[in-house]
Amino acid sequence: MQEQLRYLVELQILENKKVELIRRREETPLRIAALDKEFAAFESEYLLKKTEHDHAVQLRRAEEKDIADLEARIRRSRQKEHEVKTNREYHALLKEIQDLQDEIRAREDHVLELMEKIEKLAKELKSLGQELEKRRKDVEEKKAALQRESDQVEDKIAHLERLQAQVRERIAPSLFSKWTILAQRYKGVAVAPVSHGVCQICHLNIPPQRFIELLRDQDILTCPHCHRFIYHPENEAYKAVHDDFKDF
């Protein structure tokens with residue numbers, strides 16, 4: 001096996017794993033935000049229901065106050081009965097009392113409707129409140145787990161970077177410079193496996209003669225299309241390289 005190519009492959013494997021870990025790290029805030037958004041939506045549903053309940057309670061209290069005011073007016077009207085001097089005034093007073101009583105009955109009916117509504121909303125609120133607290137606890141646990149995972153990812157990235165530094169020391173400066181240029185140009189992928197004569201990154205055929213040279217594994221070769229370093233992953237030596245890093 002071409003030793004320098006082995007180091008380039010090692011460097012690329014480590015880079016691939018690091019890129020994947022960085023992607024996971026970047027996803028963590030998004031996943032946390034998604035959890036917060038989902039919880040906020042349910043909390044809004046609870047708060048809307050609570051607002052509806054509180055409004056109904058306020059309406060009931062207002063109606064009860066108005067009923068008390070109407071009953072006070074009836075009492076005052078009854079107190080005027082002994083002051084009435086004519087039948088016309090008496091009938092007018094009776095009509096006034098009757099109108100007030102009718103209004104009281106209508107408001108009492110509304111109060112009963114409100115009480116039924118409040119009772120129903122209170123039951124719904126209790127159920128929603130329990131579910132809200134359950135979801136709150138679940139979200140906090142999931143966020144804590146995500147944060148722990150993120151911390152572990154950070155440790156793994158730091159470990160991979162240390163390994164990369166060790167591998168870089170073994171690579172010839174000219175090769176590492178080219179690797180760096182390719183990695184910057186191709187989003188971190190500077191080394192490509194070739195299977196069945198096809199570059200597995202750009203998916204174009206390698207000329208037969210170059211593929212034969214690749215199988216011999218005596219020189220460092222590049223893809224004639226994307227110009228990445230290439231290697232044959234079925235070579236036992238490169239399989240071993242992949243196996244060395246499979247648990248990272």
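The paragraphs below take up the helix pairs, then the cysteines, then a loop residue.

This is a predicted model, in which local features need pLDDT of at least 70 and side-chain atom pairs count only at pLDDT 80 or more, while totals for chains, interfaces and linings use all residues. Residues are numbered from 1 along each chain as its sequence is written, and side-chain values use heavy atoms, with hydrogens and water left out.

Helix α1 spans residues 3-79 and helix α2 residues 87-168, and their axes come within 6 Å and cross at roughly 165°. Here helices (H or I, at least four residues) and strands (E, at least two) are DSSP runs numbered from the N terminus, and axes are lines fitted to C-alpha atoms, for helices over the stretch in contact, with angles from 0 to 180 degrees between N-to-C directions. The crossing angle therefore makes α1 roughly antiparallel to α2, a term used for angles over 145 degrees. The contact of α1 with α2 comprises, by class, 36 nonpolar, eight polar and 36 charged residues; Ala, Val, Leu, Ile, Met, Phe, Trp, Tyr, Cys and Pro count as nonpolar, Asp, Glu, Lys and Arg as charged, and the others, Gly among them, as polar.

Helix α1 also packs with helix α3 (residues 173-185), at an angle of about 35° and with the axes 11 Å apart. On the α1 side the contact (heavy atoms within 4.5 Å) is made by Gln4, Leu8, Leu11, Gln12 and Glu15, and on the α3 side by Leu175, Phe176 and Trp179. By class, the residues of this contact divide into five nonpolar, two polar and one charged.

Turning to the cysteines, how many disulfides does the structure hold? The structure holds zero disulfides, a disulfide being counted where a pair of cysteine sulfur atoms lies within 2.5 Å. Cys199 has its closest cysteine sulfur in Cys202, and because the two sulfurs are 3.6 Å apart, they are too far for a bond. Likewise, the sulfur of Cys226 is 3.6 Å from its closest cysteine sulfur, in Cys223, and so is too far for a bond. Cys199 counts as buried (under 20% relative accessible area) because its relative accessibility is 0%, and Cys226 is buried with a relative accessible area of 5%.

Finally, Lys187 lies in the loop between α3 and β1 (191-195). With 77% relative accessibility, Lys187 counts as exposed, the cut-off for which is over 50%. The C-alpha atoms of Lys187 and Leu132 are separated by 43 Å, the two residues being 55 residues apart along the chain.

How values were computed. Parallel < 35°, antiparallel > 145°, perpendicular 65-115°, else oblique. Buried < 20%, exposed > 50% of the residue type's maximum accessible area, 1.4 Å probe, protein only.
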